Amino acid sequence: MSKQFESQHIEWKEKWHNEYLKWICGFANAQGGILEIGKDDQGKPVGIRNARKLLEDLPNKIRDLLGIIVEVNLLTVNGKELLEIHVSAYPNPISYRGHYYQRSGSTLQELKGASLDRFLLRSQGRTWDSVPVPGVESNHLSITAMNQFRKLAATSGRLDNSDLSISETELLEKLMLTEGHYLRRAAILLFHDTPERFITGAFVKIGFFRSESEVVYHDEIHGDLFSQSFRTIDLLQTKYMNAAITYKNIQRIERYPVPRVALREAVLNALVHRDYAVAAPIQIRVYEERLKIWNPIVLPEGWSLEKLLGEHSSHPYNPGIANCFFRAGEIESWGRGIQRIFQACRESSTPEPRISLSGNDLWMEFPFKQNDLNPIKETLQETLEEYAQTSSKKKLGNGLGNGLGNGLGNGLGNGLGNELGNTKTRIMAEMINNPQISGKQLAKILKISTTAVEKHIKQLREAEKIQRVNGTRGHWKVFDA
């Protein structure tokens, strides 16, 4: 005889107790199941003495206390009388004494808080972002946010031109963001200046961490979701992550540790698909060697992390929000967001992100690519500045080569010498990029002293490569590009 196991749809109990009405409630709120009375924890029949009386009493008790109809069968196995209570899945929520239970795997869970909210909405065929919000009207929304959406939608071409010129109220109806006289939650998040007045935690928090417990500085990003997405990406790239700057001739090339396409997709994924019933903001932690994004998430029923990371169709948790971001051209509708993140990292030769899921907590971690020469360059920075002011790049390479040793010195010395020999070209590139740039700003970008910058500028002016127009308050003009 094959060994039996309890499962999502089967539960064994040796005797009947009224508290087992919770299990029946849990089956009704899940996918249905069978409660078998008269079996031990191993599934072995032990029988029950009052089986025939329970056969008469239980259907009425379950109907009166739970409001559902079940099928109760009397069985005899190896001379032992058992009861099987067959429970169907119910489309409406079932409660027992004011509490809601649900079968999950082989366990019974009481639904509370955000979990209960999700369950009640799902049983009504609703999504979280489709719930109407009383007390908010279309004239309370941000005209700036609405106009920004119109511009994005016009550029994407995903709304007819005729829809772009209608009134705000008509546009909200067109986007299915209203219900009768009420605005839906999606409309508040998408177009209200302060959505957290109505939805706690509807903002983004960014912090720079020296360790897991030591935050150095942090920022909060508030406003409508479109503004949050733009400002979050911009702040991460201008304040929290340093770009590696290289030059092709005089063209300045910036390379961030997380590719912009991947970063943008990750931020949008967190904003559009997060569970807003959880009263906590999206959290982005930046460290010296990695970036982590956290957001609460609810996967479609039956999905796992493996399914999320693999090829799948689009199942947005907030379809109203997702539709507007799609119309604005910010996201696609094919369920390829995570695949696009991995693809962008591969194309830029940066490490792929690590994604983990614990309960409803989704973490996406981007490791930064390490450059083995960086620590050496930083250690030698002061020496390089002195050489930059007194030596040609060939002399610098040879000098550093002798100092560091024949093998390492020649290779590293020549490489760093070439880099510093291009300092003038880099200065000219920065002047083209920002004609009002100052000597202090150049020193900070190039990581050399202001004295070294001034010497390079003097040499460039003497060579008639650059000219200062209108004095100290003027701008730079580059002649030889």
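**Backbone and packing chat**

Analyst: Let me start with Asn470, which is exposed at a relative accessible area of 65%. Here buried means under 20% relative accessible area, exposed over 50%, and partly exposed in between, with a 1.4 Å probe and protein chains only.

User: Before we go on, what kind of model is this and how is the numbering done?

Analyst: This is a predicted model, where local features need pLDDT of at least 70, side-chain atom pairs count only at pLDDT 80 or more, and totals for chains, interfaces and linings use all residues. Residues are numbered from 1 along each chain as its sequence is written, and side-chain values use heavy atoms, with hydrogens and water left out.

User: OK, back to Asn470. Where is the place of Asn470?

Analyst: Asn470 is in the loop between β19 (466-469) and β20 (475-478). Its phi is positive, about 65 degrees, although Asn470 is not a glycine. Most residues other than glycine have a negative phi. Helices (H or I, at least four residues) and strands (E, at least two) are DSSP runs, numbered from the N terminus.

User: And what about the phi of Ser349?

Analyst: Ser349 isn't a glycine, but has a positive phi of about 60 degrees. Ser349 is in the loop between α12 (337-347) and β17 (354-358). With 47% relative accessibility, Ser349 counts as partly exposed.

User: Which residue follows α18?

Analyst: That's Lys447, and its phi is positive, near 60 degrees.

User: While we're there, which residues of α18 are buried?

Analyst: Leu442, Ala443 and Leu446 are buried in α18 (residues 439-446). They cover an arc of only 100 degrees around the axis, so they sit on the same side of α18. That arc is taken over the directions from the helix axis to the C-beta atoms. Lys440 and Lys444 are exposed on the other side of α18.

User: Now packing. At what angle do α17 and α19 cross?

Analyst: The axes of α17 (residues 423-433) and α19 (residues 450-462) cross at roughly 85 degrees and come within 10 Å. That makes α17 roughly perpendicular to α19. For the cut-offs, angles under 35 degrees count as roughly parallel, over 145 as roughly antiparallel, 65 to 115 as roughly perpendicular, and the rest as oblique. Axes are lines fitted to C-alpha atoms, for helices over the stretch in contact, with angles running from 0 to 180 degrees between N-to-C directions.

User: Which residues in α17 and α19 meet?

Analyst: Thr423, Lys424, Ile427, Met428 and Met431 in α17 meet His456, Ile457, Gln459 and Leu460 in α19. Contact means heavy atoms within 4.5 Å. By class, the contact of α17 with α19 has five nonpolar, three polar and one charged residues. Ala, Val, Leu, Ile, Met, Phe, Trp, Tyr, Cys and Pro count as nonpolar, Asp, Glu, Lys and Arg as charged, and the others, Gly among them, as polar.

User: And how do α9 and α11 cross?

Analyst: The axes of α9 (residues 260-273) and α11 (residues 319-327) come within 9 Å and cross at roughly 140 degrees. α9 and α11 are therefore oblique to each other. Leu268, Val272 and His273 of α9 make the contact with Ile321, Ala322 and Phe325 of α11. By class, that contact of α9 with α11 has five nonpolar, one polar and no charged residues.

User: Switching to Glu365: buried or exposed?

Analyst: Buried, as Glu365 has a relative accessible area of 16%. Glu365 is found in strand β18 (residues 361-367). Not counting residues up to four places away in sequence, Glu365 touches Arg290, Leu291, Lys292, Pro353 and Arg354.

User: How many disulfides does the structure hold?

Analyst: Zero, taking a disulfide as a pair of cysteine sulfur atoms within 2.5 Å. Cys25 is buried, at a relative accessible area of 0%, and Cys324 also counts as buried at 0% relative accessibility.

User: Last one, how many helices and strands are in the protein?

Analyst: The protein has 19 helices and 20 strands. Of its 481 residues, 43% are buried.
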